[in-house]
Amino acid sequence: MNASQQHMLDAYRAAQRGEIAPVLPGAGDARAVREIRSWLRFRAVVTAPADRFPARFRRAVRRALTRRPVRLGHPRRAALPTPSEPLHHPPLGPSSASVSTPTMTGLARLGDPCG
C-alpha cells in the first residue's frame with residue numbers, strides 16, 4: 001500500500017468516525033525544504049570560516065598532497081648487514097647442555113604426594 005492509498009483509507013475511517021481528515025501526504029514537503037535551507041543559512045553564519053566545508057576540503061587536499069606515502073607491512077628497518085657478514089641471532093632458549101631429560105624416577109616422583 002502506497003502513501004496515497006493509506007491516506008484514502010485514513011480519510012474514509014475519519015469520515016466514518018466523524019473526525020477530521022488527515023493531512024495529505026507531501027503537504028509539508030515545501031515547508032521542510034524551506035526549514036532545511038534556513039538551517040543551512042544559519043549554520044553558515046554561525047560556523048567559523050576555518051570550519052566551513054571549503055576550508056576543510058582545502059586542508060584535506062593539502063594534507064593528502066604533502067604527506068609521504070606509507071608502505072604498509074614494511075616497517076622501517078635498520079641497515080641490513082651485507083651478504084658477506086653472517087647474521088648473528090641470539091639463542092632462542094636454554095642451551096641443550098642445561099636441558100635435562102626426564103627419567104623414569106623423576107616422572108614417578110611427580111605423582112608422589114609425599115615428595
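Start by selecting Trp-39, which sits in helix 2, the run of residues 29-46, and keep in mind that the coordinates belong to a predicted model. With a relative accessibility of 47%, Trp-39 is classed as partly exposed, because that class covers the range between the 20% limit for buried and the 50% limit for exposed.

Trp-39 and Phe-42 are both in helix 2, separated by three residues, or about one turn of the helix. Phe-42 likewise counts as partly exposed, its relative accessibility being 45%. Aromatic pairs in this structure number two. In the pair formed by Trp-39 and Phe-42, the ring centres are 5.5 Å apart and the planes meet at 35 degrees, so the pair is tilted; the reason is that planes under 30 degrees apart would count as stacked and those over 60 as edge-to-face.

Is Thr-47 buried or exposed? Its relative accessible area is 18%, and Thr-47 is therefore buried, since the cut-off for that class is under 20%. If you display the side chain of Thr-47 together with the backbone of Arg-43, you will find a polar atom of that side chain 2.5 Å from the backbone oxygen of Arg-43.

Then go back towards the N terminus and select helix 1, residues 3-17. This helix contains 15 residues, and the distance from its first C-alpha to its last is 21 Å, close to the 21 Å expected at 1.5 Å a residue. At the start of helix 1, show the side chain of Asn-2, one oxygen of which comes within 3.2 Å of the backbone nitrogen of Ser-4. At the other end, select Gly-18, which follows just after helix 1 and adopts a positive phi of about 80 degrees.

Finally, zoom out to the whole chain and colour by secondary structure. The chain has four helices and zero strands, and its order along the sequence reads α-α-α-α. How many of the 115 residues, as a percentage, count as buried? The figure is 3%. The accessible surface of the chain amounts to about 11,300 Å², with 61% of that area belonging to carbon and sulfur atoms.

Technical notes. Residues numbered from 1 in each chain as written. Predicted model: local features only at pLDDT ≥ 70, side-chain atom pairs only at ≥ 80, totals over all residues. Heavy atoms only, no water. Helix = DSSP H or I, 4+ residues; strand = E, 2+ residues; numbered from the N terminus. Buried < 20%, exposed > 50% of the residue type's maximum accessible area, 1.4 Å probe, protein only. Areas by Shrake-Rupley, 256 points an atom, 1.4 Å probe, with all protein chains shown as cover. Polar contact = N/O pair within 3.5 Å; in protein donor to acceptor, adjacent residues only side chain to side chain. Expected span 1.5 Å × (residues − 1). Phe/Tyr/Trp six-rings, centres within 6.5 Å; stacked < 30°, edge-to-face > 60°.
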